[in-house]
Amino acid sequence: MARNSLRILALKHSPFLPALSCCLTAVSLLSGLVPAQESEASPMRKVQSLPLSGVRGRLDHFTIDRQHKRIIFSCLDNSTVQIVDAFDGSRIHQIQGLSQPRGTFYLAEGDKLYVANGAGGRVNVYDGMKFTLITAIDFGKDPDTLRFDAAAKRLYVGYGAGAIGVIDVMTNKRLDIDYKLEGHPADFQLATKTPQIFVNVAGKKDIAVVDRATGKVTDWALPADLSANSPLELDEVHRRVLIGSRMPSHLIVLNMDTRAVVANLPLTGDIDGIFYDAERKRVYVAGGEGILSVFQQTGADRYSDMGKYPSAVGARTGVWYANRDQLYIAAPSSGTIDARLLVFEAQNN
């Protein structure tokens, strides 16, 4: 008994006791975290960071070439379009000498790539393998977002001070169709089950809904305290329109049939990309403050916040590659750090 007391007394006065105590505390804390991490898997996991050497400035619109498994996106300030392998991120090709490229769209039928030149006023059409210029289609001023109507074989082009024009992709000719708006179309999406085009108009606090059949334009109101609405996505299964506002930063969800606001949730700042994961019923929102916001749709009108996950400062644009369950987000260069593609993989609950 006396011998044990002497051992305890010696330990109490040992110089190694503080270090031993810290180690035991750290082990205790870590062991407490492990069960939580195992039981609450993150909905998104970053799996790759693919360097884009030599790419500077703002990175803009994306398109997917599923046929050749390529990711294609525009570098507005760099005046290039980058074509990279969707698996290893290696650069396959870059189209140079453009004029502030913005919207991109790859068409598998005919193997063609369409690129909107914001400063040049034209939509360029390239061979999808050789990347040689086939033709250029004039839109006068600031062609931007490109959206494709697969049924009608038409490519819709947002351009100018407020209009959406149309290209026949079979002939690569501009059609005599223009939908007039009250400001430049910041983003828009085509409904596939109705003739509607849902448009976020720059400078307005609502969205414009265009009837492709009649040309009629109707304004749908957003909550009065929100403005600078820019990215827009559709969930046609549940008949919902997903809109991102920047001031303040919120996700707004509208009923596509009644116009009613069914959800209004705060999210990450400086947003420019909303992506809908139809299989998992999730919404991913990329924010330039370096955060990816994730929401789970638990009902047609119910969205729960699944958390915010680090990406990179300035990473606002990207594309959801559903066939691979992966989200590609563009991170611009910063100081000595090259631009890069951040690849996030969706995780099942």
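**Close-up 1. Antiparallel pairing of β22 with β23 in the predicted model.** Strand β22 pairs with strand β23 (residues 282-287) in the antiparallel sense over six bridges; two strands count as paired if DSSP finds at least two bridges between them. Strands here are DSSP runs (E, at least two residues), numbered from the N terminus. Tyr276 stands opposite Val283 in β23. The model is predicted: local features need pLDDT of at least 70 and side-chain atom pairs count only at pLDDT 80 or more, while totals for chains, interfaces and linings use all residues. Residues are numbered from 1 along each chain as its sequence is written, and side-chain values use heavy atoms, with hydrogens and water left out.

**Close-up 2. The open sheet β22-β23-β24-β25.** Four strands make up this open sheet in the order β22-β23-β24-β25, with antiparallel pairing. The edges are β22 (271-277) and β25 (302-310); each has a single partner strand, so one side of each is left without a neighbour in the sheet. From one strand to the next the twist averages 20°, with axes taken as lines fitted to C-alpha atoms and angles running from 0 to 180 degrees between N-to-C directions.

**Close-up 3. The salt bridge between Arg45 and Glu345.** Side chains of opposite charge can pair when their charged atoms come close. A salt bridge is defined as a side-chain nitrogen of Lys or Arg within 4 Å of a carboxyl oxygen of Asp or Glu, and by this rule the count comes to 20 salt bridges. One of them joins the side chains of Arg45 and Glu345, at 3.0 Å from N to O. Arg45 lies in strand β1 (residues 44-52) and Glu345 in strand β28 (residues 339-346), so the pair ties together parts that are 300 residues apart in sequence. Arg45 is partly exposed, with a relative accessible area of 43%, and Glu345 is partly exposed at 23%. Buried means under 20% relative accessible area, exposed over 50%, and partly exposed in between (1.4 Å probe, protein chains only).

**Close-up 4. The salt bridge between Asp60 and Arg58.** The closest N and O atoms of this pair are 3.6 Å apart. Asp60 is buried, at 2% relative accessibility, whereas Arg58 is partly exposed at 35%.

**Close-up 5. Asp206 and Lys204 in a salt-bridge network.** The side chains of Asp206 and Lys204 meet in a salt bridge with an N to O distance of 3.7 Å. Both residues, Asp206 and Lys204, are buried. Salt bridges that share partners join Glu182, Lys204, Asp206 and Asp219 into one network.
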